[in-house]
Amino acid sequence: MFSTLWQSVPVTALHINDEYLYTGQGGTLSVYKICKGKPKYLEKRNVFNHAVIHGIKSFSLEEKQYIVLFGGKEMAILTIQDFYLVCHYKSKDWIWDVQPITKSTTLAIALAHNSCILFDWKKNEEICAFHCSIKCILYSAHFIGWNWEDLVLCAGTVFNQVVAWMPGKNKDVEQKIPLMLIPGHDGVIFDMHYNNQLQILLTASDDRSIRVWKCSMSNGNEQQAKCACVMYGHEARIWKVETLIVDGLVYVISISEDGLCITWLLSMNKEDIQFKVVKKLNLHSNLLSYASDGKDRFAVGCNNGAIYWYSLSEITSSNQCLEAAPFSKDQHGTPKIIKLLSLKAPSVLLYTDKGYVLCYDILLAKWKVVHHLSDYGSYAVMSVAPDGTLIAVGNTKGNVTILYLEKELNTTTLAKLESFSGKIQNISWYQKEMFVSGPSGQLNWYHVDTDVILVSKFVLPQAKHRWHMDALIVNSESQDHVICGDRRGSIHLFVNGQSVPVCTIHGVHGKHGVTSLDKHGNIIISTGRDGYWRQFCVNTSKIEMLTQHRAAQGMEWLENIKLENFRLYVYGFRGNKFVVWSKFSGNEMFSVTCGGCHRSWDFSTELSKFVFLKASQLNIVEVPENVFEESLVEVGFHNHQINCVRFLASYAHDDCHVDIIATASEDTKVIITKLLHNKDVCKAEVLHVIDDHCSNVRSIRVLTSSETDITKEILMVTVGGRATINVYNIQIQKLASNKVPCLVKHVATYKSGASPDMRFMDVAAWKSDNDGHMVAVACSDGKMRWFRLNDNTITLLSESRDTGHCYLVTSRINDHTLAAGTDGFVRIMTSEGSEVSRFRTNQSGVNAIAFCHMTFQGARHGCLATGGDDNSIRLTMLKFERGAVEEVSHCTVEDAHATQVTGLHLAESEFGAQLVSTSIDQRVTLWRISTFEDDDKTSLRCQHLGSKFTHIADVSCIDVIRDRYVISGRGFQVMT
Amino acid sequence: MGRSSKDKRDIYYRLAKEEGWRARSAFKLLHLDEEFNLFNDGVKRVVDLCAAPGSWSQVLTRKLRRPTDNGKSDAKIVAVDLQAMAPLPGVIQIQGDITKVSTAESIISHFEGEPADLVVCDGAPDVTGLHDIDEYIQAQLLLAALNITTHVLKNGGTFVAKIFRGKDVSLLYAQLRLFFDKVTCAKPRSSRNSSIEAFVVCEGYDPPEDYIPNMSNPLLDMDYDLYSNQLEGPNRVIAPFLACGDLSGYDSDKTYPLQLEGGKEYKYLPPTQGPINPPYKHACELKSASQLAKEDGLGHVVAASSSQISTNVVSTCSEPAVLSDEDRLSTQINTVSITPQSNDFSKTNDV
C-alpha cells in the first residue's frame, strides 16, 4: 500500500567521501558520484521509516568502508560498497551526534540530555553510558577526537553555552565534571566545529553570530576558552559552520536560515583573530545542511529540496577587470556610447561627444578611429546590427548615418537618411530591419541591405516618453506584424501599411519602459524596467499576454533575456550592479559592480566580455567561460508550506509516465512541475513558476476544458491572501517532441479593493450555463462569495450572510455550493447565497471535504466526508431532491488521526467507497466505506484498512488521479 | 503595512491589548476554564510554569484571588520562569529552572508544605523550523513540566500544558495516561485553526503505585510498540479531543473590520508588554545600523590589463528567505518575530 514514486523534502544532511556525495532527505539516503567535479545521481535507498536523517559520516575498519546515518532516535550503519545494513539502533533519547571510534567496532553516541553512550555496532549493544554533571536539554552536540579515552563531547545547552566534557575519562565516575564551560552567546548554539590544527572552536548561534574560541581540546586539561572573534553577518539563525583551509588560508563557511552562505576569511594573530567576508551567496531558501571535501568543493542543502555544489576557489576568485589604454580625450572627445563587436578580434566600438566613432582592439590594447561624423555633436544614438557589420548613428537633427564596417575596420557610408525633422530618440535592429524613433512618436521601419528601403511609417500613441525601445517582426497569415515596446512601458502591434497600432497593451511594463523584445518560437518575451519579463503571443492581429515573471528580488531593472541550453537567463541591474540571473536555479551567475543602470554598457558571452563606461572611462570585465554552469545539483521547490496540490495531467507515453502537478504555497508562488517516471528513475522539472499572487496562495481548482491523446486544456483557478483570485488557461502537449510541454496563459485577476486584509481560503469552479464559468470562494470574513468569469473579467455576483466564522473549504456538489468553516458546520447553499441546508459535522474547523456518489438503501445518494481539526472524520449520506438536501445517515470516526485531518479523497468503489485521509500526524490512511443492515436499518460503516507514515511534515492536502496520490505540506510526495 | 494591520488579522491580539492582558494566550486559559471549570472553589494553590510574560498568571489572579471575609484573598499563585518577569500583584515569583529539585522545594515551601491543586504550563521553546526537532524539544519541555508536577501536585489534582500536535503526539498521550485518570486534548477557540498548538488537560493525578518522583533523570517520551501504540497500525493512544470556548465568541481565524459591530470606537493601542530581550537583539541593532559584515567592498583598478574588480553578490539587506513561524507556533507576544527581517517583506504574508 502506498509506495513512493517521488518526494521533495528538506535536505537535512550532506556528506562527501572520496568521490561521492551523500544526501539525507527525510529517511532516504541518496548517492551522487562526483564526475569531472560535478555530482551525478547514482541511486537512493530508504533507510529510516520514521526518523529524519540529520547527520551522515563515513569511516573505515579493516579496509572496509562504512557509512553511519543518524537522526531523531535512530542510527544505522551501512557498508559503502553495497548499502548492506550492518546495524540499526533505536535509542531512548534524541541523537545529536555519532562518532566512530578508531580501530574498533564501537561508536560514541551523544544524546539530547547531555549523556553519551558507547555502542558496539557489531554486537548491536550498548557498552556503557555516562552523564555530564550539568544535566539539561541540548540543541546540538559535537564530538572531537577518534579515541574513546580522550574523546571530547561539546554540548550546546539550552542555557546558551557550550559544555565540553570527556565521556571516556575516569570510567568509574558515572557523572563527569565538565572540562570547560564556554558562555557568551545570547542564544542557543545550533552547531559547533573544532579545528585541531588551529586549535579553534567555532560556534553558530540563534543570536545570529559565529564565535571563534581559542582552546585546546586535545590535552584533556581543564581550561578556559578565549573568545577570539565574534562574526555578525547573517540575518537569521545560523545552522552550520565549518572551517576549510585552502593554500594555508583559513576560510569559515556558514549557512543560515536567511538563505546566505557566507565565506569568511580569518587572519590569525597571536592574541586575536581578524575576519572579513569574502563571499555572500544568496540561495533564497532556508539553508539546512553543508558538507565539504576538505579541499575545495562543498555542497549546501536547502529546505526547499535544492542542493548546490560550489568550488571555493571559483566563488572567491574575483572578476578580471582590464582597464583600457587611454586615448586623447582632447582630440577625440569623451566616450558616450559603447558596443561590443566581434570582428577579427574582440573589440569595443565607441562614440564620443565630438562625433568620433572609435574602435578598441582588446587584445592589442589599441585604438583606431573608424569614422568621424563631423556634424554630430555630444548627443547621438548608436546601434549595431546583430551581424556586427552595420552601425547606425542618429543625431538631434533627425539624421541617421548607416556605416558598413569591414573586418579591417574600414568603413563605408552606406546611407545618410534624413528621417525626421527633430531628435532621433532611438534606433534598434531586428536582423536586417532597422527601426528609428523620431519626435512625436514617429517610428520608421527600414530594410537595410545593399541599399536602404523605407518599408513603413508608424506613429506611437500619445505619451510623455513617446519613442520605441525595441521592435521585432512576426509573420502571421502572410502579413508582416511589427511588435514594438516603448519607453512608456506599452507594447504595440503594427501592421505593415497602417500607421497606428492595431493592438496595444498599455503600460504593461510600468512607467519606466520596455527594454527588450525577443522571439522564441511563437512566444515573444519582453523585459522591462519594472523587474518583470513577460510572455506574449500574437493571434490574428491581437497581442495576448501569457504570463509575467519576476527576476530575483531587488533586480528592478531588466535589460535582456538569453536562452542557453534551454535555460533562461536574465540580464539586468540590481542597485549598482550588473547581474546575470538564472531562472533555473535562482542564482546570480555573474555580477559586476559597475555603478548602476544609467550608463552605456554591453555584455557578450561569445566574446566573454562585459564593458561599461564609468566616469568617462571604458572598463572591460572578463566573463568566466563557465558563466552558465549551474551550481544546482537538485532543483528546489517552495520555500514554505505548500497549502494545496493538484494533478493537472497524468498520462503515459512511450515507456514513461508523466505527471504534471501544480502546487500553491505560503511563499506566494504556484509551481507547475513535470515528473517523468520510467522504470527506476523519476526526474522532476519545474515548468512554470507563477508569481502573480502578492500574498500566500491557499487553494487551486482545476477544470478540464478538453483532452485528447495529444493535448489537454485546463482552466486553473488560484485563490489566496489579500482577497485575490487568478485564473489561467493551461495547454499541455503530451508528445515528447513538443518543445513547450505546458503553455500557461494568464486569463484574469480579481482583487478585492474593499477589504484587502481578507483571505480567500478555498475555491470551487464550474462551467456555467452561458459560456463563462462560475467561481465560489470561501472567505475569511465569514462569507461565501460567488463570481462570474467571462473572458478576462471576474465579477462579484453574490455573497452569503456572515456566519461569524471563517470559512475554510468549499466545493461544488450537485448544483449546490457546499462550504464549511471553523465552527464545524457544513452549509449547502445556492449560488445566490441562500442556505438550503446546514448540519454540524465536526466540533471545530472543517479542514477537508470530499464527495462521491454511492448507492445507499437501493438509491443513488451523495456521500460526503468531512475531516476536522478535532481529529475526526464524519461521513454523511445526503439525499438531493427538488433543490432540497436531506441528511439520510451518518457515521463518525472520532480518532481517525492523532491530530487534525487536513486532506480527504473519496471515490466510489465496488463495495461502496474508498476514502484516503491525511493529517498533520504524517499518516496517510486508507478507509473502506460500506453499508450494513442493523435492526432493519441501513447504516454507514468506515473501516480502517491501513496507514502509511510520510516524511512530509504539516501535511495540508491530498489529490488523487486514478491510482496516483500526491500529498503536500513541507514538500510533496507522489505515491501509488 | 500599518501598525493596525495586526489588529485586523488577529482579533485576540487586539482584544488582549484592549483588556490589558500581557499576551493573547490569556484567552486560551479562559476558554479552557469555561469547558473544564479549572478554577473551581476547591483550587487554592496553583503553579504557573514557564510563566513569562505572565498572561496566565494574570488570568489566575483575576479568577482565583477572590477577596474573603477578612479582606485577604485566599488562593496562592506561584509563577516559575527561567527569566525575570514584570511583577504581578498577588503572584509569588520564582526565577528558577523547572528541572531542579530546589525549584520544586521552593514551590512547596510557598504553599507551607501543602501540594498544589492545579499546575499550568504555557511554555514553548525557541523553534528551529525543523519539525521533528521542534516537536521533540516541545515534548521534552512538557515532560520536564510533568516531572516537576509529580513533585508538587496533590493526588487528584489537574495539570494543563501546551502541546504541539505533531507526528508523535500519541507517544506523549501514552506517557501522560500513566499519571492521570483522564487526559483530554483541548483546543480553545482563541487558538488558531491553522496552528498545531493545543492543550492537554490532565485530570485526576494518580501516579503509578511504585512511582517515586525523581528529578535526576529526565522523563522521556515513550516508544511505539507492537500492540497498544502502533506507528502505522490502527491501535494508537489518542486523547479525546474537545473544542473549548463559546461558538458565539470571536473566531481567531476570522478577518474582522477595525470597527467591530456594536463595539467601542476603534483606537490603536500599543502592546501591554513589549517583547522580552530576544537572542537576536544585538544582530537587529547591527542590521539597522548597517553594521553586519558585508562582502569586502570593491576591488581597486590599479593598472591596465591585469587589475581586478571583485565580484559582489548581494547587498546585506536583501530578500529574507524566511518568514516568521508565527502562525504555526507563537502564542506569546515575545515570540512574534522570529526573524527580525520579517517586517521588511515587500510582499505581505497574511497569517
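I began with chain A, where 4 strands form an open sheet in the order β6-β7-β8-β9 with antiparallel pairing; strands here are DSSP runs (E, at least two residues), numbered from the N terminus, and two strands pair if DSSP finds at least two bridges between them. I noted β6 (55-61) and β9 (85-90) of chain A as the edge strands, each pairing on one side only. Strand β8 (residues 74-79) of chain A pairs with β9(A) in the antiparallel sense over 5 bridges, and A:Met75 has A:Tyr89 in β9(A) as its bridge partner.

This is a predicted model, so I kept in mind that local features need pLDDT of at least 70 and side-chain atom pairs count only at pLDDT 80 or more, while totals for chains, interfaces and linings use all residues. Residues are numbered from 1 along each chain as its sequence is written, and chains are lettered from A and ligands numbered from 1 in the order in which they are written.

I then looked up A:Ile109, which, leaving aside neighbours within four places in sequence, is in contact (C-beta atoms, placed from the backbone, within 7 Å) with residues including A:Met75, A:Ile95 and A:Phe119.

Last, I turned to B:Lys162, where UniProt, in an unreviewed entry, places the feature "active site"; such annotations may be inferred rather than shown by experiment. B:Lys162 is found in strand β5 (residues 153-164) of chain B. I recorded B:Lys162 as buried because 23 other C-beta atoms lie within 10 Å, the cut-off for buried being 20 or more. Beyond its neighbours within four places in sequence, B:Lys162 contacts B:Cys121, B:Asp122, B:Gly123, B:Ala124, B:Glu197 and B:Phe199.

Terms used
Buried ≥ 20, exposed ≤ 12 C-beta atoms within 10 Å, placed from the backbone. Contact = placed C-beta atoms within 7 Å.
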